[in-house]
Amino acid sequence: MGKEFRFEASHQLPNHDGKCARLHGHSWRGVIYVSGNKLITSGAKKGMIMDYGDIKKYLQPLLDNYLDHYHLNETTGLANPSSEAIAKWIYEQLENKIPGLVAVRIDETCTSQCIYSKGKINFLIS
């Protein structure tokens, strides 16, 4: 299952050998992926692996306080906040809060994405 989110933010990759070394911004898109072996069997969340609202409850403070309309070099503590580093940063902020968290996907542009999953970074470029 996945929960999509979006944010607007600037960043700068100071050691990049191209135009990304300059300050610029993106309309970022992300997805939080959660997996489980069984569905909840009773109560208000019966039939779910996890309620999407519960994912949002843990994700929203990151969006409000670090990501949306911020300069990511400053708020994340990352010296080089590439999309890969941002995906890893989000994963690490959520891994002890969201049971079954398996991956965080970040789309920097409509054609460039990465997925951070349990210590692996995969690049998806279309």
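This is a predicted model: local features need pLDDT of at least 70, side-chain atom pairs count only at pLDDT 80 or more; totals for chains, interfaces and linings use all residues.

Which residue caps the N-terminal end of α1? The cap is Asp-51, with a side-chain oxygen 2.6 Å from the backbone nitrogen of Gly-53. A polar contact here is a pair of N or O atoms within 3.5 Å; within protein, one must be able to donate a hydrogen and the other to accept it, and residues adjacent in sequence count only if both atoms are side-chain atoms.

Residues are numbered from 1 along each chain as its sequence is written, and side-chain values use heavy atoms, with hydrogens and water left out.

Let me stay with helix α1, residues 52–67. Helices (H or I, at least four residues) and strands (E, at least two) are DSSP runs, numbered from the N terminus. A straight helix of 16 residues would span 22 Å at 1.5 Å a residue, whereas α1 spans only 20 Å between its end C-alpha atoms; the expected span is 1.5 Å times one less than the number of residues. At Leu-59 the helix α1 bends by about 35 degrees, and Pro-61 follows within four residues. That bend is the angle between axes fitted to the seven residues ending there and the seven starting there. Just after α1, His-69 takes a positive phi of about 65 degrees.

The buried residues of α1 are Asp-54, Ile-55, Leu-59, Leu-62, Leu-63 and Leu-67. Buried means under 20% relative accessible area, exposed over 50%, and partly exposed in between (1.4 Å probe, protein chains only). These buried residues of α1 pack against β1, β2, β3, α2 and α3.

I turn now to charged pairs. The structure holds 6 salt bridges, each a side-chain nitrogen of Lys or Arg within 4 Å of a carboxyl oxygen of Asp or Glu. In one of them, Lys-45 pairs with Asp-54, with the closest N and O atoms 2.6 Å apart. Asp-54 counts as buried because its relative accessibility is 19%, whereas Lys-45 is partly exposed at 29%.

A second example is Glu-4 with Arg-29, where the closest N and O atoms are 3.1 Å apart. Glu-4 lies in strand β1 and Arg-29 in strand β2, so this pair ties together parts that are 25 residues apart in sequence.

Elsewhere, salt bridges that share partners join Glu-4, Arg-6, Arg-29, Arg-105 and Asp-107 into one network.

Finally, the aromatic residues. Rings of Phe, Tyr and Trp (its six-membered ring) pair if their centres lie within 6.5 Å; planes under 30 degrees apart count as stacked, over 60 as edge-to-face and the rest as tilted. By this rule the count comes to 4 aromatic pairs. The rings of Phe-5 and Phe-7 are stacked because their planes lie at 5 degrees, with centres 6.2 Å apart. Both Phe-5 and Phe-7 are buried. Tyr-91 and Tyr-116 form an edge-to-face pair, 5.2 Å centre to centre with 65 degrees between the planes.

Conventions:
Contact means heavy atoms within 4.5 Å.
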